[in-house]
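Q: Can you walk me through this one? I'd like to go element by element.

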Amino acid sequence: MGKTFSKPAVLSHTMTHYCPGCTHGIVHRLVAEAIDELGIMDRTVGIAPVGCAVLAYNYFNCDFQEAAHGRAPAMATGIKRVRPDLIVFTYQGDGDLASIGMGEIIHAANRGEKFTTIFINNAIYGMTGGQMAPTTLPGQRATTAPTGRNTDQTGMPIKMANLLGGLVTPAYVTRQAVLKPQQINKTKKAIKQAFQYQVENKCFSFVEVISTCPTNWGLTPLASLKWAEENLLPYYELGDVKTPE
Amino acid sequence: MAKVLMKGNEAIGEAAIRAGCKNYFAYPITPQSEVAEYLVKRLPEVDGVFLQGESEVAVGYMIFGAAGAGERVMTTSSSPGISLMSEAISYIAAAQCPAVFVNIVRCGPGLGGILPAQGDYFQATKGGGHGDYHLLVLAPDGVQEAVEMTMQAFTLAEKYRGPVMILGDGLIGQMMEPVEFPEDLATAPSNKDDWATNGMSTRKSKKRNLVKSLYLDPTELNAHNLNLKAKYDQMKREEIQFEAYNADADYKVLITSYGTMSRVCRTAIDLLKEEGIEVAMLRPKTLFPFPEKAVFEAATKKSCKSVISIEMSMGQMVEDVERCVKGQRPVEFYGECGGDIPSPEKIIDIIKAMI
């Protein structure tokens with residue numbers, strides 16, 4: 001009997017630094033599977049953000065660059081413009097992409113840069129210890145919003161996929177989740193599709209992934225999945241926002 | 001090659017291409033936007049890459065990405081824009097990527113003004129961004145030197161795997177002078193396979209490359225910073241450039257000055273000589289590494305009674321001059337920083353008042 005399941009070649013053999021129950025590991029694996037299946041590992045360059053995934057390069061065997069907070073789309077632009085034959089992806093969280101890096105992601109998407117962005121939305125800052133993010137839900141508690149997010153002062157959570165999908169430039173923009181196996185399968189398809197568009201030099205591709213942060217939400221991993229299902233998904237609707245066709 | 005009459009900003013753009021740089025990212029800012037306007041037309045002729053970024057912040061990281069991928073790359077900007085790029089410059093220095101930054105300095109602080117100045121000396125030589133790093137800083141005194149230094153900058157950036165800055169000013173960027181492009185200053189790009197993210201398929205080694213600046217382990221980070229320091233120490237041994245003007249005379253006063261200001265000082269020295277007054281000038285061409293020994297030796301020549309640093313700033317390079325003179329001679333300062341360049345007559349009056 002042949003081997004039916006194995007670790008993607010682009011995933012390294014490294015002990016994880018992510019917290020128990022964190023969904024980064026799932027998304028890393030999905031990215032790795034897509035890279036393996038498309039056979040692009042030896043020409044792929046990843047860009048790590050600032051935040052929990054700053055050490056993402058420890059888990060991948062392909063070339064990697066490490067950006068400053070929010071600047072990954074500008075770095076990806078620099079790489080992709082001078083080396084269009086490389087496959088470039090950024091992997092960013094919500095503090096990184098939707099707050100400090102808002103300018104960089106919007107302009108990269110609007111220029112139609114031919115790279116792929118994986119955007120982890122767990123509605124909070126992880127690495128710095130649970131501060132409010134632009135994606136934090138109304139009333140959701142954070143260390144810098146101890147009584148819950150006050151939308152009178154901070155506005156409503158930003159729906160990044162919808163915002164980028166509103167640009168006129170053609171792109172692939174989708175929002176998926178990794179809270180249940182069916183969602184994980186769909187996210188896998190979306191990530192592979194995003195890389196496929198890049199391989200075809202077609203458009204900018206953006207996959208928002210609704211994720212959890214048990215540590216900073218103060219919930220168990222299981223309770224986090226339930227909380228996200230009940231609270232994040234009604235606000236952050238899943239599905240394709242825009243396709244290039 | 002015959003000389004051609006070119007505006008400084010355009011000559012810098014052409015020099016980059018002649019040096020083998022085909023990648024340029026920039027954001028418009030006066031008084032250097034002509035570099036971008038020149039290169040947007042010129043780069044397609046050599047199959048190069050031109051991109052106008054959305055901000056100097058983003059451009060800094062476009063440079064970082066392209067340099068990290070192993071390609072020769074340049075940006076040009078002016079003072080407020082360099083402030084915004086300084087975040088990326090710190091990361092590029094830390095991640096050890098070769099890149100060329102040109103600062104056509106204007107008056108500051110804040111929006112300041114658009115006229116020439118030398119108020120970014122501290123920013124260029126002492127940091128600008130956070131952490132322990134240095135740029136190799138070249139200061140041209142005209143369009144010809146701007147061309148030569150831009151061409152040299154790519155070789156130096158690769159030799160030291162780090163950012164190199166050309167510190168010009170609005171006059172050098174805007175004025176026209178006859179220039180030639182010395183072919184021997186163009187070098188072949190170095191092999192970057194052992195560190196750049198140029199794709200594993202393009203390298204013999206199948207080891208993946210990582211461009212980064214994060215070292216969470218204190219011992220590793222200290223070792224990393226020691227490695228960076230070793231490069232800066234090597235620059236001090238191997239890269240110092242300066243000009244000593246009228247230094248053979250028995251001068252009573254030594255001027256220290258650089259860039260545009262040094263040209264005015266040279267005229268003043270010639271005029272004073274006609275009156276029988278001997279003055280010399282030590283002009284640093286590299287601001288980092290600074291010609292420490294040359295300044296000390298010129299200042300402590302037996303005939304020399306005092307030193308004056310003359311700058312288009314409120315007193316910046318003078319701090320390095322004082323450091324190098326080590327209290328052996330009095331060090332004075334004269335500077336203006338509103339956009340007017342002090343005239344030779346003004347310099348002559350100041351020198352006469354000193355003796």
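Q: Which residue stands opposite A:Gln65 in strand 9 of chain B?
A: B:Val211. One caution: this is a predicted model, where local features need pLDDT of at least 70, side-chain atom pairs count only at pLDDT 80 or more, and totals for chains, interfaces and linings use all residues. Residues are numbered from 1 along each chain as its sequence is written, and chains are lettered from A and ligands numbered from 1 in the order in which they are written.

Q: How do strand 2 of chain A and strand 9 of chain B pair?
A: In the parallel sense, over 2 bridges. Strands pair if DSSP finds at least two bridges between them. Strand 9 of chain B covers residues 210–211. A:Phe64 stands opposite B:Leu210 there. Strands here are DSSP runs of E, at least two residues, and helices are runs of H or I, at least four, numbered from the N terminus.

Q: What pairs with strand 1 of chain A?
A: Strand 2 of chain A, in the parallel sense over 4 bridges. Strand 1 of chain A is residues 44–48. A:Ile47 stands opposite A:Gln65.

Q: Which way do the residues of strand 2 of chain A point?
A: A:Asp63 and A:Gln65 point one way, A:Phe64 and A:Glu66 the other. All are buried. Buried means 20 or more other C-beta atoms lie within 10 Å of the residue's own; exposed means 12 or fewer, partly exposed is in between, and C-beta atoms are placed from the backbone.

Q: What is the strand order of the open sheet?
A: The order is 7(A)-5(A)-6(A)-4(A)-3(A)-1(A)-2(A)-9(B). That is 8 strands, with mixed pairing. The edges are strand 7 (239–242) of chain A and strand 9 of chain B, each pairing on one side only.

Q: How many residues does each chain put into the contact?
A: Chain B gives 32 and chain A gives 27. Contact means C-beta atoms, placed from the backbone, within 7 Å.

Q: Which element of chain B has the largest share of that side?
A: Helix 3 of chain B, with 8 residues. Helix 3 spans 56–68, and other elements that supply at least two residues include helix 4 (79–95) and strand 9 of chain B.

Q: What classes of residue are on the side of chain B that touches chain A?
A: 17 nonpolar, 10 polar and 5 charged. Ala, Val, Leu, Ile, Met, Phe, Trp, Tyr, Cys and Pro count as nonpolar, Asp, Glu, Lys and Arg as charged, and the others, Gly among them, as polar.

Q: Switching to chain A overall. What is its secondary structure?
A: 9 helices and 7 strands. Of its 245 residues, 54% count as buried.

Q: Now chain B. Where are its domains?
A: Domain 1 is 4–238 and domain 2 is 242–354. The bounds come from an automatic or database domain assignment. Their centres, over C-alpha atoms, are 28 Å apart. The contact takes 27 residues from domain 1 of chain B and 21 from domain 2 of chain B.

Q: Is strand 7 of chain B enclosed or open, and why?
A: Largely enclosed by the rest of the structure, because 7 of its 7 residues are buried. B:Pro163, B:Met165, B:Leu167 and B:Asp169 point one way; B:Val164, B:Ile166 and B:Gly168 point the other.

Q: Which strand pairs with strand 7 of chain B over 7 bridges?
A: Strand 5 (residues 99–105) of chain B, in the parallel sense. B:Val100 stands opposite B:Val164. Strand 6 of chain B also runs parallel to strand 7 of chain B, joined by 3 bridges. There, B:Leu138 stands opposite B:Ile166.

Q: What about helix 9 of chain B: which residues are buried?
A: Among them are B:Met261, B:Cys265, B:Ile269 and B:Leu272. Just after helix 9 of chain B, B:Gly276 takes a positive phi of about 85 degrees.

Notes
Two residues are in contact if their C-beta atoms, placed from the backbone, lie within 7 Å.
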